[in-house]
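Hello,

I am handing over the structure we talked about, so please open it and keep it beside you while you read. My notes on what was found follow below.

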Amino acid sequence: MTDFEKYIQRYLDLVPDEEWIDALDTSGGKTFGIFSDLTEEQGLFAYDNGKWTLKELLQHLIDTEKVFAYRAMTFARQDQTELPGFDEELWAKNSHANDRSLENLIDEFSFVRKGSILFFDDLSEEVLQLKGAANGNALSVETIGKLIVGHNIHHLNIIEERYLSKL
């Protein structure tokens, strides 16, 4: 197994046995619920020096889902352009998430997730199996959808273990 396969497998292993498109909705609802219960002050909480604030973490979920959805759409449309990776640390550093209101971030997350659900739910099995290359690795449209779910659940676990326990 390659390093990339190990990297994505940790996210895929978190996807529940239920239909993964339903899990997009479920994990999105959990994320919405957690962040909706936070105050602005709590949104600026980071569990340790050098770690993202909760606002930055939510912005990371938004940014990553947009990138993954774009990749999935590119592959679903049978565009074979190889897509680049992205530097999540650089993006977080330059996101200005801490200057945004929590309500604004939650709204954006909700809209992005709704768009992902509508997009993936409308794809045929044939289209879900189409592949393309991103960041030097081949991925199917379906795998990308599952990665959105697993990535979200990964960060929900971190929020519960490292953030909410210290608020």
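**Rings and a hairpin**

Trp20, Phe119 and Phe120 are joined into a cluster by ring pairs. Please keep in mind that this is a predicted model.

How many aromatic pairs are there? The count comes to 6. One of them brings together Tyr47 and Tyr163: their ring centres are 5.0 Å apart and their planes stand at 85°, so this pair is edge-to-face, since planes over 60 degrees apart get that name. Now find these two residues along the chain. Tyr47 sits in the loop between α3 (40–43) and α4 (54–76), while Tyr163 belongs to helix α8 (residues 141–163). Are they buried or exposed? Both Tyr47 and Tyr163 are buried.

Next, have a look at Phe86 and Trp91. Their ring centres lie 4.7 Å apart with the planes at 45°, so this pair counts as tilted. Phe86 has a relative accessibility of 24% and is therefore partly exposed. Trp91 is partly exposed as well, with a relative accessible area of 35%.

Finally, turn to the strands. Strand β1 (residues 131–134) pairs with strand β2 (residues 137–140) in the antiparallel sense, over 4 bridges. Which residue in β2 stands opposite Lys131? That is Ser140. The two strands, β1 and β2, form a hairpin with 2 residues between them. In the turn, Asn135 has a positive phi of about 55°.

Happy exploring, and write back with any questions!

Best wishes

How values were computed:
Residues are numbered from 1 along each chain as its sequence is written. This is a predicted model: local features need pLDDT of at least 70, side-chain atom pairs count only at pLDDT 80 or more; totals for chains, interfaces and linings use all residues. Side-chain values use heavy atoms; hydrogens and water are left out. Two strands pair if DSSP finds at least two bridges between them. Rings of Phe, Tyr and Trp (its six-membered ring) pair if their centres lie within 6.5 Å; planes under 30 degrees apart count as stacked, over 60 as edge-to-face and the rest as tilted. Buried means under 20% relative accessible area, exposed over 50%, partly exposed in between (1.4 Å probe, protein chains only).
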